[in-house]
Amino acid sequence: MARTGSAYIFFLAGFAAILAGFWPTFYGDPASNDVWHTLHGIASTLWVVLLVAQSLLIGRRNHRLHERLGWLSLGLFAVLMATSGYMVWVELVGVEPFPRDLRLSLLFLDVMLLLLFVATYGLGLAYRRQRRLHARLMGSTILIGLGPALGRLYGEQIPALHGLAGALPWMFWTIEAVLVVAIVLDLRGGRLAWPFPAMLAAFVAIQLGSDWAAGPTFAALARTAGAPI
């Protein structure tokens, strides 16, 4: 990623991808969404806006306002957890227009990304006094929201991928490529911090796990949890 004070460029690029990916289902037709999806979309948008604002504040060395504004993320985090949890529950027990194997992979993916978001944000708060680690952890949260957006964008805009199932590997490869570039930039700066390698390992593990999730073991777990699989 870019230097902390100029990371807003990366966040804006990420938001452009999120906007494009969710344009058909949210941004382009907000009135068609229920309350939960609307709240989730608004909170997700404000999360990226907050990341942009925080990067700009650090670039201007306004650390006091940066710290005060950062506490607003607690409210957004609570909304995101509530709405994401609801949507995972709907995905678990509801009727989805996807084949069984894809539905299982998506369920696994959503649960794992939600847990990764919790861990990344929690560590970001824990390391808030260590600016280098804090910035990389908080900045990495945008990659978690970028995943579903890229999956939808690739699946809808690249016919050769034949929909969402074919788009999922490319979604992972894109995010992993971003993290590799971030690691290289850190190395070129003379000091590699652990958040980017850890995020890369997490995304690779989730990608491998999404293939496993289509098998009988995860299907049995999903049925135990109430999924009509």
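Leaving aside neighbours within four places in sequence, isoleucine 142 is in contact with Phe10, Phe11, Gly14, Phe15, Ile18, Val48 and Leu51, where contact means heavy atoms within 4.5 Å. The model is a predicted one, in which local features need pLDDT of at least 70 and side-chain atom pairs count only at pLDDT 80 or more, while totals for chains, interfaces and linings use all residues. Residues are numbered from 1 along each chain as its sequence is written, and side-chain values use heavy atoms, with hydrogens and water left out.

Ile142 also turns up in the largest nonpolar core, a set of 57 residues in which Trp47, Ile142, Leu143, Leu179 and Phe203 touch the most other members. Such a core is a set of buried Ala, Val, Leu, Ile, Met, Phe, Trp, Tyr and Cys residues joined through side-chain atoms within 4.5 Å. Buried stands for under 20% relative accessible area, exposed for over 50%, and partly exposed for anything in between (1.4 Å probe, protein chains only). Two or more residues each come from α1 (8–27), α2 (35–59), α4 (73–93), α5 (100–126), α6 (131–157), α7 (164–188), α8 (195–212) and α9 (216–224). The biggest giver is α5, with 11 residues. Helices here are DSSP runs (H or I, at least four residues), as are strands (E, at least two), numbered from the N terminus.

Next come the rings. The structure holds 15 aromatic pairs; rings of Phe, Tyr and Trp (its six-membered ring) pair if their centres lie within 6.5 Å, and planes under 30 degrees apart count as stacked, over 60 as edge-to-face and the rest as tilted. Tryptophan 36 and tyrosine 86 make a stacked pair, 4.5 Å centre to centre with 15° between the planes. Tryptophan 36 sits in helix α2 and tyrosine 86 in helix α4, so this pair ties together parts that are 50 residues apart in sequence. Tryptophan 36 is partly exposed at 36% relative accessibility, and tyrosine 86 is partly exposed at 26%. For phenylalanine 108 and phenylalanine 218, the ring centres are 5.6 Å apart and the planes stand at 90°, so the pair is edge-to-face. This one links distant parts of the chain, with phenylalanine 108 in helix α5 and phenylalanine 218 in helix α9, 110 residues apart. Phenylalanine 108 counts as buried at 10% relative accessibility, and phenylalanine 218 is buried too, at 12%. Ring pairs also join Trp47, Phe77, Phe117 and Tyr121 into a cluster.

Back to α2 and α4: their axes come within 9 Å and cross at roughly 145°. Axes are lines fitted to C-alpha atoms, for helices over the stretch in contact, with angles from 0 to 180 degrees between N-to-C directions. Among the residues making the contact are Trp36, His37 and Trp47 of α2 and Phe77, Tyr86 and Met87 of α4.

Arginine 61, in the loop between α2 and α3 (63–70), has a positive phi of about 60° although it is not a glycine. Histidine 162, found in the loop between α6 and α7, likewise has a positive phi, near 60°. Most residues other than glycine have a negative phi. Arginine 61 is exposed, with a relative accessible area of 68%, and histidine 162 counts as exposed at 70%.
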